[in-house]
Amino acid sequence: MPAIVDFCWKGGNKGGFPVRAPPAIRKGGFVLCYTPVIMAYLGRRFGLMPSDPEAAAHVEQVLGVVTDAVAEGRLAFHPKDFFASHKTQVDESVPYIKQYGEQRLPKYLAHWEDILKHNPEGQGFMVGGSVTVADLAVYQLPELWSECVATVQPIKFCFKFCFIRH
Ligand SMILES: N[C@@H](CCC(=O)N[C@@H](CS)C(=O)NCC(=O)O)C(=O)O
């Protein structure tokens, strides 16, 4: 973490395209920040983004909504002071994290399930007939949430099962 802080805010990004905040990636002189944009870029680089523009736009829609879900989760972890560390508001955050897990998270999960059901190519992929960064973005969320939201455990196992099948 000190390395990324130095890179982003203490002059470490010499000559690279300016970044606002972590996460950020660098490849030679190429620098990029902003999670959904990084995911879309890596998807294109590693064959995890459809070549069809409309399908790619749907993948980017999923990446944007995942980013929203993470940002809302962050709200729950910082209910007293959005800009202060979670460590300064652990007790206050307990009911908000519970509310997020019980009321808000299921809506996102239902939305992603709807996308899976809607995919005419089926087979458990979010968009098209093969794995894309949309699948990876949604897949990593229960992994993250299970650290703090106990209700997510069964969903995590579902995702794991789905991926093992593929
Ligand atoms: N929406 C941005 C959020 C970036 C962000 O808030 N990063 C955090 C660390 S995970 C940060 O550095 N916050 C301090 C700041 O924004 O000044 C993204 O997804 O990349």
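## A tour from the ligand to the core

Start at the ligand: the shell around it holds five nonpolar residues, two polar ones and no charged ones (nonpolar means Ala, Val, Leu, Ile, Met, Phe, Trp, Tyr, Cys or Pro; charged means Asp, Glu, Lys or Arg; the others, Gly among them, are polar). This is a predicted model, where local features need pLDDT of at least 70 and side-chain atom pairs count only at pLDDT 80 or more, while totals for chains, interfaces and linings use all residues. Residues are numbered from 1 along each chain as its sequence is written.

To see the shell, select Ala21, Pro22, Pro23, Cys33, Tyr34, Thr35 and Thr67 (C-beta, placed from the backbone, within 6 Å of the ligand).

Next, pick residues 24-27 and 30-33: these are strands E1 and E2, antiparallel and joined by four bridges (strands are DSSP runs of at least two E residues, helices of at least four H or I, numbered from the N terminus; pairing takes at least two DSSP bridges). Lys27 has Phe30 in E2 as its bridge partner. In the hairpin, Gly28 takes a positive phi near 60°.

Now for the largest nonpolar core, with 17 residues: Val62, Leu63, Val133, Ala134, Ala137 and Val138 touch the most other members (a core joins buried Ala, Val, Leu, Ile, Met, Phe, Trp, Tyr and Cys through C-beta atoms within 7 Å; buried means 20 or more other C-beta atoms within 10 Å of a residue's own). Helices H2 (35-45), H3 (53-77) and H5 (133-145) each give two or more residues to this core, and H5 gives the most, with six.

Note on methods: A residue is buried if 20 or more other C-beta atoms lie within 10 Å of its own, exposed if 12 or fewer, and partly exposed in between; C-beta atoms are placed from the backbone.
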